[in-house]
Amino acid sequence: MNNQIYPCITGVAAWLPPDRLTNELLASMVDTSHEWIASRTGIEERRILKDKDLGTSYMASHAVMNLLEKKGMEADEVEVIICATITPDMMFPNTANLICDRIGARKALAFDMLSACAGFLYALETGCNYIRSGRYKKVIVVGADKMSSITDYEDRNSCILFGDAAAAVLLEPSPDEDGIIDTILRCDPVGKDLIYLKAGGSARPASLETVQNKEHFFYQDGKRVFKYAVQGMAAVSQEMMQKHHLTNEDIDYLIPHQANLRIIEATAQMTNIPLEKVTINIQKYGNTTAATIPLCIWEWENDFRKGQNILLAAFGAGFVWGATYLRWAYNPD
Ligand code: UT7
């Protein structure tokens, strides 16, 4: 008899700020155009949390509260909260702790994971291991980023890319063998000089100089990151498919990180998965970093059917990247 505990996603919810930053509006701020942005990235608009006094924990706690409401759960039933983010409200206390405060959860262990655009997959695998251990039965993994807080709106190379959002999933032990089957996570520091936020950490604390040099903003060598992202996402997806003897026909959905429509299309092409099976919402939200994958799960939840094969793939700063293979655990209500 197989005594293994399979973790599965049993619910998903999101929260998006109401304010929209369209390509047209960006074209009035920097030297760019809707045509350039749409054709080079696929993005048409993104959501921005405008209130300067509100951080990632605000969005994440709304996503988690929506999830609890949907599942008819009290905050104190949550045993673990893991927040994937690179834009914590502050260095410490951790954002997950601030989420607990906002939602009134007093019995959870809570911590953050900082793995950029692959953050949700890293946090999901960690959350799954709490369930697999047999000691925890209700784990929330939330991906949330207020990317507007680290974006230089005078730099046309980067300000067009990002949006703010939060989305959360509930993990529970599966009653059968549907659920999260496997995850492959990778790291290669070859990317450390290609995509980073230079200052504000212990190696380069904030100073007048770091502020004047705009070192508290996101930086990337977009062209080089693009090539690594395509190769990394496609290779890890193919590895996962081979490992589980899955052909492209066996995959019902590919849920890729949403950084650039061209990266998504290239990943789909290299894995031979037709675009009809690929979740794409980058046109509405841009790159929301740790939130992109749970945001897709949330938007496609009603299309998924129990037992369907779903592949998640992400690539981000570090580089860190990975893929998760899951069999969806429930039908729509
Ligand atoms: O999520 C984490 C991982 N990150 C990624 O996966 C992002 C990967 N990279 C990308 O998505 C793309 O590289 C970008 C969307 C960031 C840039 O697209 P690109 O096709 O690589 O453009 P580029 O940086 O090579 O720039 C091409 C041209 C340049 O002009 P010249 O030198 O050819 O005259 C840029 O100055 O486009 C210019 N350009 C723009 N023009 C209008 C760059 N940004 C803009 C802009 N509007 N916003």
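Helix α8 gives the most to the shell around the ligand, with four residues. The model is a predicted one.

Which residues come nearest to the ligand? Of the 22 residues around it, they are Thr32, Arg40, Lys223, Asn260 and Asn287. By class, the shell has nine nonpolar, eight polar and five charged residues.

A polar side-chain atom of Thr32 sits 2.6 Å from a ligand nitrogen. For Arg40, a polar side-chain atom lies 2.7 Å from an oxygen atom of the ligand. His257 also takes part: an N or O atom in its side chain is 3.3 Å from a ligand oxygen. How much of the ligand does the protein cover? On its own, the ligand has 950 Å² of accessible area, and the protein covers 74% of that.

Now step back to the domains. The domain assignment of the chain gives domain 1 (7–173) and domain 2 (180–327). Each of the two supplies at least three residues to the shell around the ligand. The ligand shell therefore draws on both domains, given that a residue counts as near when one of its heavy atoms lies within 4 Å.

Next comes the interface between the domains. Taken over C-alpha atoms, the centres of domain 1 and domain 2 are 15 Å apart. On the domain 1 side, 50 residues are in contact with 44 residues of domain 2. The size of an interface is often given as the accessible area lost when the parts come together. Here domain 1 and domain 2 bury about 3,700 Å² between them. Carbon and sulfur atoms account for 66% of that area. Within domain 1, Cys117, Leu121 and Tyr122 supply 18% of the area buried against domain 2, more than any other three residues.

The backbone has some points to check. Ala116 lies in the loop between β5 (109–113) and α5 (119–132). Its phi is near 45°, a positive value in a residue other than glycine.

Two cis peptide bonds can be inspected as well. One joins Phe92 and Pro93, with omega about 0°. Pro93 is in the loop between β4 (80–84) and α4 (95–103). Another runs from Gly318 to Phe319, where omega is near 5°. Phe319 is placed in the loop between β12 (309–316) and β13 (320–327).

Technical notes. Residues are numbered from 1 along each chain as its sequence is written. This is a predicted model: local features need pLDDT of at least 70, side-chain atom pairs count only at pLDDT 80 or more; totals for chains, interfaces and linings use all residues. Side-chain values use heavy atoms; hydrogens and water are left out. A polar contact is a pair of N or O atoms within 3.5 Å; within protein, one must be able to donate a hydrogen and the other to accept it, and residues adjacent in sequence count only if both atoms are side-chain atoms. Accessible areas come from the Shrake-Rupley method with a 1.4 Å probe; for residues, only the protein chains shown count as cover. Helices (H or I, at least four residues) and strands (E, at least two) are DSSP runs, numbered from the N terminus. Ala, Val, Leu, Ile, Met, Phe, Trp, Tyr, Cys and Pro count as nonpolar, Asp, Glu, Lys and Arg as charged, and the others, Gly among them, as polar. Domain bounds come from an automatic or database domain assignment. Contact means heavy atoms within 4.5 Å. Buried area is the accessible area (1.4 Å probe) that two parts lose on being put together, summed over both.
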